[in-house]
Amino acid sequence: MMSCRLIASVLLSVLGSLPTLAPGAEEGGLPEALVFNCFTCHGTDGKSTGAIPGLMGRTETFIAAKLNEFKQGKGNPTVMDRIARGYTDQEIARIAEYIGAMRN
């Protein structure tokens, strides 16, 4: 039979290796999870290699304004109007903050 110390040690080891939630993660999802959707078309880590614009180096203000513009059906959104309408205002703000903080 395993000792209580061994069980506790294993349990602490497993719990210590689990990812922790980022501050505010319970309030609308992790920004990383939201932004990974963007990387599908705009390139890994926001560095596009094709005709779709890259996101790297864009400011938080620019990203928020563009997403809100697309959400309203303005601009030349291709599919971005449909994608942006799926995000809440809070999610758009979190996406913009995350992308605005990305550096080369």
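The legends below describe several close-up views of a predicted model.

In this predicted model, local features are given for residues with pLDDT of at least 70 and side-chain atom pairs count only at pLDDT 80 or more, while totals for chains, interfaces and linings use all residues. Residues are numbered from 1 along each chain as its sequence is written, and side-chain values use heavy atoms, with hydrogens and water left out.

**View 1. Overview of the protein chain.** The protein chain holds five helices and zero strands, in the order α-α-α-α-α along the sequence, where helices (H or I, at least four residues) and strands (E, at least two) are DSSP runs numbered from the N terminus. Of its 104 residues, 28% count as buried, a term that means under 20% relative accessible area, with exposed meaning over 50% and partly exposed in between (1.4 Å probe, protein chains only). The accessible surface comes to about 7,300 Å², and 60% of this belongs to carbon and sulfur atoms; the areas come from the Shrake-Rupley method with a 1.4 Å probe, and for residues only the protein chains shown count as cover. Among contacts with a separation of 6 or more, residues 24 or more positions apart account for 54%, contact being defined as heavy atoms within 4.5 Å.

**View 2. The largest nonpolar core.** This core has 18 residues, of which I63, L67, I95 and I99 touch the most other members. The elements that give two or more residues to this core are α2 (31-42), α3 (60-71), α4 (80-85) and α5 (89-101). A nonpolar core is here a set of buried Ala, Val, Leu, Ile, Met, Phe, Trp, Tyr and Cys residues joined through side-chain atoms within 4.5 Å. When neighbours within four places in sequence are left aside, I95 is in contact with L34, V35, C38, I63, L67 and Y87. In soluble globular proteins, nonpolar side chains tend to be buried together.

**View 3. The crossing of α3 and α5.** The axes of these two helices come within 7 Å and cross at roughly 145°; axes are lines fitted to C-alpha atoms, for helices over the stretch in contact, and angles run from 0 to 180 degrees between N-to-C directions. The crossing of α3 and α5 is right-handed, under a convention in which a crossing is left-handed if the near helix is turned anticlockwise from the far one by less than a right angle, and right-handed if clockwise. From α3, the residues E60, I63, A64, L67, N68 and K71 meet D89, I92, I95, A96, E97, I99 and G100 of α5. By class, the contact of α3 with α5 comprises seven nonpolar, two polar and four charged residues, where Ala, Val, Leu, Ile, Met, Phe, Trp, Tyr, Cys and Pro count as nonpolar, Asp, Glu, Lys and Arg as charged, and the others, Gly among them, as polar.

View 4. A84 lies in helix α4 and is buried, with a relative accessible area of 0%. Apart from its neighbours within four places in sequence, A84 is in contact with L67, F70, K71 and I92. Between A84 and G73, which are 11 residues apart in sequence, the C-alpha to C-alpha distance is 9.1 Å. D81 also lies in helix α4 and is buried, at a relative accessible area of 16%. Not counting residues up to four places away in sequence, D81 touches F70 and G73.

View 5. F39 is found in helix α2 and counts as buried at 12% relative accessibility. With neighbours within four places in sequence left aside, F39 is in contact with T44, D45, G46 and M102, and its C-alpha atom is 8.7 Å from that of L55, 16 residues away in sequence. D45 sits in the loop between α2 and α3, where D45 counts as partly exposed at 43% relative accessibility. G54 is placed in the loop between α2 and α3 and is partly exposed, with a relative accessible area of 24%. Leaving aside neighbours within four places in sequence, G54 is in contact with H42, G46 and S48.

**View 6. Positive phi at D45 and T78.** Most residues other than glycine have a negative phi. Phi of D45, a residue other than glycine, is positive and near 60°. T78, likewise not a glycine, has a positive phi of about 50°. T78 is found in the loop between α3 and α4 and is exposed, with a relative accessible area of 60%.
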